[in-house]
Amino acid sequence: MLTKTFKRGVHPLHNMHEGKSATRDLPVREYVSDTVVISMAMNIGAPAKPCVKKGDHVDIGQVIGEAQGFMSVPVHASVSGEVVAVDSIPSLGAGNVQAVTIKNDFADTWVELHPLGNVEQVDPKAVIPAIQAAGITGMGGASFPTHVKLTFREGATCDTIVVNGAECETHLTADYRLMLEHSTRIVDGLRAVMRALNVPKGIIGIEDNKPEAIVAMEQACQGRAGVSVQPLKTKYPQGGEKQLIEAITGRQVPSGGLPIAAHVVVLNVGTCAAIADAVIDGKPLIQRICTVTGCVRKPSNLMVRIGTITEDIIGECGGYSETPGKIVFGGMMTGIAIPNDQMPVFKSSNGIVVLNEKQAKSKDESPCIHCGRCVAACPIGLNPYQIKVAADKSDFAAAEKLHVMDCILCGSCAYQCPSRRWLTPSFKFCKDHITAEAKAKAAASKPQPPSGDAARNAATSKDVDSMGKQSAGHASKQKGGATK
Amino acid sequence: MSLRISTAPHMHNPLTTSRLMQNVCIALMPTVLVGVYAFGFPALMVLAVSVASAVVSEFLWQKIAHQPVRVNDFSAILTGLILGLNLPSTAPWWMAMVGSAFAIIVVKQLFGGLGDNFLNPALAARAVLLASWPVHMAASAYVKPTFFEAGVDAVSAATPLSSPGSYTLMQRLLGQIPGTIGEVSKIAILIGFLFLVCTSTISWRIPVVMVGSVYVFTLLIVGGGFESALIATLSGGVLFGAVFMATDYVTSPIRPVAQIIYAALIGLIIVLIRQFGNYPEGVTYGILLMNIATPLIDRFLPQKIYGYQKKEAKKA
C-alpha cells in the first residue's frame, strides 16, 4: 500500500495496535439514557442561548438553543420529553456554561424535518444553510462551526476537500466504525460539500492501521465523481489539519493562516456523515459515535445522544473495572480530563478513556537533558526545549520569537520527553497569553464590537488545529463568549 | 470519586531520563567486564572508587545546596563509570576520587547541574587529571593487559598510538593492547553501541560520523594507506569517545545536520592533534572543543518550520 505522511511526529503504542484493539471490532450499538444535559457551548465562538424553559415539552430535533451570530450554531433536543432544568453546569475549561436538562419520555417524537433529498441533485446553494441549521460543528474534536469553515472570504479559492479519517489518536475507534458501517453516508456528505463549493476533488485520508476502513471507503467512492481514498502512514498527529494537508496535497498552510490559504478545506469523517444526515434527511446533529474504553468492564463503541451523562455511559459499559484515576474526553494525546463523571457528552466527544489510578499519576518534571526527542517529534519543526525555557521565565516575547504561535498543541514533544517536562501545557499558556494580549491591544485601538467575520478570524488564528483540541477549543469558547 | 485533572497529553513514552542513563550504564557493561578481565583487580578498584566518589559528591552537593536529591537518575553513576573507564588501571585511587568529585561538583553542579553543564563532566575531569598528574595519566602509565601475555607485565608498554606497527588488527579489536581501562576492547564498545542504537538511546549519527571522519582525515592528512588509517582509527579512545562521550545529550547538538557537523569536526580535531600536536591522543580535546561549539552549531543552523516555505516549492 502506497502511503503518504508528514515529517517527524510520534507513534505511541505502536506495538499495541495503538491501544485500539479493545473496541475496533465491536459494532456500534445505540444507547439512549433517561436524562440528557445539553450544553449550550459546544462550538468555538459564541455559545447558543436557551430558548426553552422548565416544563416545556420538546421533540427530538427541536431547537432548544438559538445561535448567537454567525460564529455560533443552534443546539437541538436530542431526546423527546420534558425540560426539567435550564441552568448552568461546569464547563470543560474554567467557569460555567448554560445547559438544558431534558427528561426522556422515550416517545421518540421528531419535529417536522425538511429533507433536501439526494446529494447529487440538491440545490448547491441550499447545502450550507442546511448545515448551519443542523448545528454541525467539527466532530473530530475542535468544534469549529462547519458552516463558517465552508464560507470563504472574497477571493479565496478551494480546489480540494480533504476528509480526515486518520483517527491518529490512540484508543479511539469511533471514526473507524463510522467508516466501516456508514461509508456511503460519509461520501454523500463529502459530495454535498463538493457540490456546494463547486470543488472538483475530494480525498479521504485514512491511516494504514485501518485497512478494512480503506477498503470500505474505496468501495463507497466507486462511481462517485471526484472522490478517492488516500492511505496514510500510521503516525501521530496524522489527523492534525496541517499535517493532513501536507501529507495529502504536499502543500503547507502558511503560518498563521487557515487551510483555505492552501486551497483546501478539511472535514472530519464524522462531520461528513452529519452533513449527509442534515442534507438528505434534514436531521440536525443530535447524536454521535463515542468510543468508551480503558478501565471499563465492557469497552464499547456507542451511538449516544448529545448530552448523555458520562456516568450513565460508563454504566452502560459495565461500570468501572478499576478505581478510576482520570477520565479523558477525547484521545490520550489531546483529550481533556474531566473533573467528575457528571459531565455530559458534547458534539465533539469522540471518546471517553478511563485511566486507573496508576496511569493517572503524573511525574514531577526533571531537568532537561537536551536529548532532542522533542525536536525530533515536533511535526511543525519547532525547538520545544528552547520554547520551554522562555515559557518558564514567562518571557512571552522570546517564546513568540521561537514560533510558539505555530505550535499546534499536539502533545508529541511532551509525550516523548524523558524528563516529563510540561511542554505542551506551557505552550498553551504562552499562546493564550499572547493571543489575549494581542486582543486587548486590538480592542484598545478599535473599540467596536467584532463582526462575525472578525470573531471568526480571532478564533481561528488561535486554533488552526482541528484534530482533538478540546482543551484549546473550550478555552476559546470562553474567549469567543467574552467578545460578544 | 476523586478524579485527577491535568492537561494533555495523558500518556508518555515509557523512556525516562533515569531509564536512558541506565541504558548507557548497561551498554558500558561489556567494556567494564573486558577491562576488569584484562587488567585485573586494579581496574575494578579504579572503577569502584570513581563511581562511588561521583555518587557521593552528587549527593553531598545536592544536600548542601538544598536541591532535590536526584542520585537515583543514574547520571552520577554514569559519569563516574565513564571517568573510571578513561583512566589507566594503574591510576592511584585518590586520583579517581578527585577526578569524579571534580567532574560532579565543578563541571556539572557549579554550572547548574544535570542538563546545564556545557562540558562533558567525565571528559573535563579527565583533561584536568591529564594536566595535573601527567605521569599517572599519560601513556607511560599504561600496562599491557594481563591476559594478553602470561605473567603480569607491570613495565610500562609502548602505546599502540606511538608505535602503530606493534599490534595486529585482531589484538586491537579484542583489547589485547595497552590503554585505559575502557578503550582497549573495540568489540565490547561495539556491542555497547549496538545496544544503545537498538534501544534508541542514541542515534547512530555521532559515533558513525565521528569514527568515519577520523578515518577519512587520517587518510587525507596523515596518509599511509587504508590499513594504517584503519589502525589509527581503532587506536586510542576514538571508538570509546565516539560511542559514550561525544554522544552525551547535554553537550552534543540536537538536530541531525548539526550532529553530523559536530561529529565530523571532532574527527578533524583529533587527527590534527595526533599529527601536529604534542599529545599522541586527541580524543579528549577534540570532544571538549566541540562541546563548547555545540550551542553555536545549534543556534546558527537554519530551522525549517512548517508554514514558512513557499508552498509551490513543495509540490509532492
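Helix α4 (residues 183-197) of chain A lies across β9, β10, β11 and β12 of chain A, and its direction makes an angle of about 155 degrees with β9(A). The model in which this arrangement is found is a predicted one. The strands under discussion form an open sheet of four strands in the order β11-β10-β9-β12 (chain A), and their pairing is parallel. At the edges of this sheet stand β11 (227-232) and β12 of chain A, each of which has a single partner strand, so that one side of each is left without a neighbour in the sheet. Neighbouring strands of the sheet are turned against each other by 25 degrees on average, when direction is ignored.

Strand β9 (residues 160-165) of chain A pairs with two strands of this sheet. With strand β10 (residues 201-207) of chain A, β9(A) pairs in the parallel sense over six bridges; within this pairing, A:I161 has A:G202 of β10(A) as its bridge partner, and A:G165 stands opposite A:I206 in β10(A). With strand β12 (residues 264-268) of chain A, β9(A) again pairs in the parallel sense, here over five bridges, and A:N268 in β12(A) is the bridge partner of A:N164.

Six of the six residues of strand β9 of chain A are buried, so the strand is largely enclosed by the rest of the structure. In a regular strand the side chains alternate between the two faces of the sheet. In β9(A), A:T160, A:V162 and A:N164 point one way, whereas A:I161, A:V163 and A:G165 point the other way, and all of them are buried.

Chain B contains 13 helices and zero strands. Of the 316 residues in chain B, 49% are buried, and among contacts in this chain between residues at least 6 apart in sequence, 71% join residues at least 24 apart. One helix pair in this chain is formed by helix α2 (residues 41-64) of chain B and helix α4 (residues 93-108) of chain B, whose axes come within 8 Å and cross at roughly 35 degrees. The crossing of α2(B) and α4(B) is right-handed. Residues that make the contact include B:M45, B:V49, B:A54 and B:W61 of α2(B), together with B:W93, B:M97, B:G99 and B:I104 of α4(B). Sorted by class, the contact of α2(B) with α4(B) has twelve nonpolar, five polar and one charged residues.

The two chains also touch each other, and this contact takes 52 residues from chain A and 36 residues from chain B. On the side of chain B that touches chain A, there are 16 nonpolar, twelve polar and eight charged residues.

Confidence in the prediction was considered for chain A, which averages a pLDDT of 88, with 92% of the residues scoring at least 70. Over residues 454-484 of chain A, however, pLDDT stays under 50, although the model has 103 contacts beyond four places in sequence for these residues. Where pLDDT is low, the predicted coordinates should not be read in detail.

Note on methods. Residues are numbered from 1 along each chain as its sequence is written. Chains are lettered from A and ligands numbered from 1 in the order in which they are written. This is a predicted model: local features need pLDDT of at least 70, side-chain atom pairs count only at pLDDT 80 or more; totals for chains, interfaces and linings use all residues. Two residues are in contact if their C-beta atoms, placed from the backbone, lie within 7 Å. Ala, Val, Leu, Ile, Met, Phe, Trp, Tyr, Cys and Pro count as nonpolar, Asp, Glu, Lys and Arg as charged, and the others, Gly among them, as polar. A residue is buried if 20 or more other C-beta atoms lie within 10 Å of its own, exposed if 12 or fewer, and partly exposed in between; C-beta atoms are placed from the backbone. Two strands pair if DSSP finds at least two bridges between them. Axes are lines fitted to C-alpha atoms, for helices over the stretch in contact, and angles run from 0 to 180 degrees between N-to-C directions. A crossing is left-handed if the near helix is turned anticlockwise from the far one by less than a right angle, and right-handed if clockwise. pLDDT is the predictor's confidence in each residue, from 0 to 100.
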